[in-house]
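Please look at the sequence and the structure before reading on.

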Amino acid sequence: VYHGLYGETLAATVKRLRLHRAGAYLANSEMPIDEIAVKSGYTSAQAFTRAFTQAYTLPPAEYRRNGTHAKFQESIAMANATSYPVSFKTIPNLRLAGLDHRGDYMLIGKAFETVFGWFGAQGYFNPGGLFGNGAQAIGIYFDDPNAIDADDLRSKAGMVVPGNFKIEAPLTEAIIPGGDYAVLRHKGPYAELRSAYQWFYGTWLVQSGHEAADAPVFEEYINNPREVAPQDLITDIHLPIRLEK
């Protein structure tokens with residue numbers, strides 16, 4: 001039943017989410033690899049290294065040194081606002097059917113699994129096709145992780161739905177305000193998004209001449225983490241802005 005709803009086995013989901021969290025520890029902390037292995041559910045560093053290398057194509061230590069996040073950090077240090085392409089988009093209001101998540105942003109994957117399972121159980125999508133047919137998977141992030149404790153961070157995982165769509169429990173409605181957005185397309189593991197945000201806010205925005213608008217940032221997930229390798233994941237980070245005329 002689980003495989004039919006989600007397009008992968010329960011064991012595969014658990015492994016993918018654990019390795020995603022491990023990647024975030026490697027990219028954003030100095031935590032020893034042995035400790036990361038234990039936190040990721042592995043009984044030995046060797047078993048963790050094999051699993052991580054299979055998924056990310058680099059062993060953990062090499063990934064920590066040379067993952068895409070390292071390139072973002074180099075651009076931050078050089079204050080180079082042209083290192084990565086940023087486009088501009090004007091969007092209408094978007095209506096979201098989703099699930100609130102409170103806590104570490106790295107763990108929002110659990111909320112997404114619940115959302116996708118609900119849509120699958122209702123028969124709105126074919127098994128494994130949750131990202132197809134023009135469906136938009138969205139994560140809204142309300143707080144600055146540099147200013148708020150991880151346990152208190154607020155976010156929402158959901159899908160864009162039309163105005164006449166009936167949203168039922170446990171899902172709730174959220175409206176993403178329409179307006180002007182700067183969009184950074186990130187290719188690579190979700191674990192590296194923190195470095196992308198640091199560059200987007202700390203380097204690009206400062207040098208762009210624009211101001212951040214009073215609305216939450218959101219991410220659109222362009223492809224399916226069940227179907228592509230972590231290094232091929234595509235995420236569009238939408239930063240609400242006031243365009244300098």
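## The second largest pocket

The residues that line the second largest pocket are Tyr 2, Leu 17, Arg 18, His 20, Arg 21, Lys 39, Ser 40, Met 106, Leu 107, Gly 109, Lys 110 and Glu 113. Two elements, α2 (10–28) and α7 (109–121), each give two or more residues to this lining. The largest share, 4 residues, belongs to α2. Sorted by class, the lining holds 5 charged, 4 nonpolar and 3 polar residues. Here Asp, Glu, Lys and Arg count as charged, Ala, Val, Leu, Ile, Met, Phe, Trp, Tyr, Cys and Pro as nonpolar, and the others, Gly among them, as polar.

The space in this pocket is about 200 Å³. A pocket is an open set of points, on a 1 Å grid over the protein atoms alone, where a 1.4 Å probe fits, with protein on both sides within 12 Å along at least five of seven lines; lining residues have an atom within 4 Å of a point. The volume is the space filled by probe spheres set on the points.

## Basis of the model

This is a predicted model, in which local features need pLDDT of at least 70 and side-chain atom pairs count only at pLDDT 80 or more, while totals for chains, interfaces and linings use all residues. Residues are numbered from 1 along each chain as its sequence is written, and side-chain values use heavy atoms, with hydrogens and water left out.

## Aromatic pairs

The chain has 17 aromatic pairs, meaning rings of Phe, Tyr and Trp (its six-membered ring) with centres within 6.5 Å; planes under 30 degrees apart count as stacked, over 60 as edge-to-face and the rest as tilted. Trp 118 and Phe 119 make an edge-to-face pair, 5.1 Å centre to centre with 85° between the planes. Trp 118 is buried, at 10% relative accessibility, and so is Phe 119, at 3%. Buried means under 20% relative accessible area, exposed over 50%, and partly exposed in between (1.4 Å probe, protein chains only).

Phe 200 and Trp 204 form a tilted pair, 5.4 Å centre to centre with 55° between the planes. These two residues are about one helical turn apart, because they lie 4 residues apart in helix α8 (residues 193–208). Ring pairs also join Tyr 42, Phe 48, Phe 52, Tyr 56 and Tyr 63 into a cluster.

## The whole chain

The chain has 8 helices and 9 strands; these are DSSP runs, numbered from the N terminus, with helices (H or I) of at least four residues and strands (E) of at least two. Of its 245 residues, 47% count as buried.
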